[in-house]
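Trainee: Please take one part of this model and look at it closely. I would like a connected account.

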Amino acid sequence: MQIALGPAAAHDDAPALVTWRTQLPLLGAGLALVLAVALVAVSWGTVHISPVTTAGILLDHLPLIDTGAYSRSEDAIIWDIRAPRVVLAGLVGAALALSGAAYQAVFRNPLAEPYLLGVAAGASVGATLVLISPVAVTAWAVSPVPPAAFAGAVIAVALAYSLARVNGAVPAASLILAGVAISSVGTSVVTYLMLTFNTRTLAILNWVLGGFNTANWTDVAIATPYLVVAATVLLPHARVLNVMQLDEDQARQLGVHVERTRLIVLATASLATAAAVSVSGLIGFVGLVVPHAVRLLFGPDYRRLFPLSALGGAAFLIVADMAARSIDPAFEVPIGVITAIVGAPFFLLLLRRAGRPAFALAP
Amino acid sequence: MRNIAGDGGGQAYPQLTQEAIISANPDVIVLADEEFGVTIESVKQRPGWDAIAAVQNDRIYSIDPDIISRPGPRIVDALEQLARFIYPDRFS
């Protein structure tokens with residue numbers, strides 16, 4: 001029998017050390033990938049504008065740089081239509097994938113995704129109520145749909161959390177079931193309203209299907225703060241969440257405040273998801289599958305999984321949106337259709353080839 | 001004067017992307033959907049649309065959808081309306 005003693009023995013099978021510094025090259029590569037994809041996406045569209053002109057227009061919007069040489073309509077197309085759209089797709093993708101990873105960490109469940117606790121259903125109810133109201137949405141200076149969707153999402157999650165509360169504790173299973181029940185109620189309400197107010201059915205359906213067709217800088221300004229807050233709160237929790245992948249009781253014995261961590265992580269992830277959904281509608285698949293793809297490629301350590309999920313989600317949704325707007329120039333394909341049709345086979349391929357279980361709990 | 005959606009891309013009700021409209025740079029825009037909340041003001045405020053000649057020269061008009069979207073004798077009234085929008089100087 002051998003007993004591992006000393007650093008040499010421990011070194012043999014110890015997992016590679018993951019610290020913020022050792023993964024800087026990986027994160028840098030991920031960030032570079034997202035930026036490259038974003039640049040391609042901005043110069044890509046139904047109207048042909050050369051990459052050189054595109055770069056010139058983008059640089060011209062930086063202070064102190066004046067490149068000139070482009071027309072006013074090219075500037076409008078690049079800066080007012082495409083750039084906010086690409087940035088918003090990136091932000092929403094990052095928010096959904098990061099929140100998905102956080103939900104999976106907290107529930108220690110591979111099926112957990114950011115819509116689990118009723119965010120999607122709550123947001124749909126909020127958006128639908130505004131869309132069926134007698135006052136036209138366009139009559140407002142700023143669209144009231146995002147705030148209403150956001151409020152609906154937050155109310156739904158708060159309701160699920162408070163309903164699952166038993167004697168001051170919130171068991172994970174009760175929380176999931178409360179979320180599922182609230183989601184069903186929300187979905188039924190939306191379906192009923194959609195069929196009752198049949199002149200608005202198309203508007204509601206358009207919102208529910210999600211997309212970045214009407215993206216503008218206001219949407220970007222709405223979504224950005226929530227993503228920044230989510231990243232600042234979630235990334236430092238990665239280490240504790242690694243510990244929580246052990247049994248809940250073991251994590252408690254190791255000094256982790258399980259209830260409090262769960263509340264903080266879920267609240268942050270839900271807020272980020274609510275903000276993402278409020279500006280883009282319901283885009284499925286990203287929050288569930290991007291973290292799994294990252295997990296299969298780079299392992300289950302949340303210190304690596306969180307930042308890489310965010311970057312992967314951003315790149316994935318930017319590419320999906322590019323496909324959504326260019327497959328048929330006269331008709332935009334709903335982005336949820338793209339994320340599922342293109343994303344699912346890719347994910348299944350990863351799943352078959354990875355050579356490791358899809359959801360190992362311990363890093 | 002030419003309709004920017006004239007060939008329709010083979011579709012009865014073509015949908016143009018925003019960038020296609022901005023790039024085509026129409027001189028006149030006629031709305032038939034004010035009942036659904038798309039107003040002259042809301043079109044003017046769309047991001048990026050200030051690059052379109054029709055927006056810069058205040059040549060966005062609204063027409064009654066009942067006379068232009070229904071095949072019937074009133075379609076002639078709609079035609080006259082369109083002519084007034086597009087060639088205002090001929091009617092002065």
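Mentor: Chain B first, then a helix pair in chain A. Bear in mind that the model is predicted. Chain B contains five helices and two strands. Read from the N terminus, its elements follow the order α-β-α-α-β-α-α.

Now its dimensions. The C-alpha trace of chain B spans about 40 × 35 × 25 Å along its principal axes. Of the 92 residues in chain B, 15% are buried. Consider next the contacts in chain B with a separation of 6 or more: 56% of these join residues 24 or more positions apart.

Now the helix pair. Two packed helices are described by the angle between their axes and the distance between the axes. In chain A, helix α5 covers residues 119-132 and helix α7 covers residues 172-196. Their axes come within 8 Å and cross at roughly 25°. Angles under 35 degrees count as roughly parallel, so α5(A) is roughly parallel to α7(A). The crossing of the two is left-handed.

Which residues make the contact? From α5(A) come A:Ala120, A:Ala121, A:Gly122, A:Ser124, A:Val125, A:Thr128 and A:Ile132. From α7(A) come A:Ile182, A:Ser183, A:Gly186, A:Thr187, A:Val189, A:Val190 and A:Leu193. Sorted by class, the contact of α5(A) with α7(A) has eight nonpolar and six polar residues, and no charged ones.

Notes. Residues are numbered from 1 along each chain as its sequence is written. Chains are lettered from A and ligands numbered from 1 in the order in which they are written. This is a predicted model: local features need pLDDT of at least 70, side-chain atom pairs count only at pLDDT 80 or more; totals for chains, interfaces and linings use all residues. Axes are lines fitted to C-alpha atoms, for helices over the stretch in contact, and angles run from 0 to 180 degrees between N-to-C directions. Helices (H or I, at least four residues) and strands (E, at least two) are DSSP runs, numbered from the N terminus. Angles under 35 degrees count as roughly parallel, over 145 as roughly antiparallel, 65 to 115 as roughly perpendicular and the rest as oblique. A crossing is left-handed if the near helix is turned anticlockwise from the far one by less than a right angle, and right-handed if clockwise. Two residues are in contact if their C-beta atoms, placed from the backbone, lie within 7 Å. Ala, Val, Leu, Ile, Met, Phe, Trp, Tyr, Cys and Pro count as nonpolar, Asp, Glu, Lys and Arg as charged, and the others, Gly among them, as polar. A residue is buried if 20 or more other C-beta atoms lie within 10 Å of its own, exposed if 12 or fewer, and partly exposed in between; C-beta atoms are placed from the backbone.
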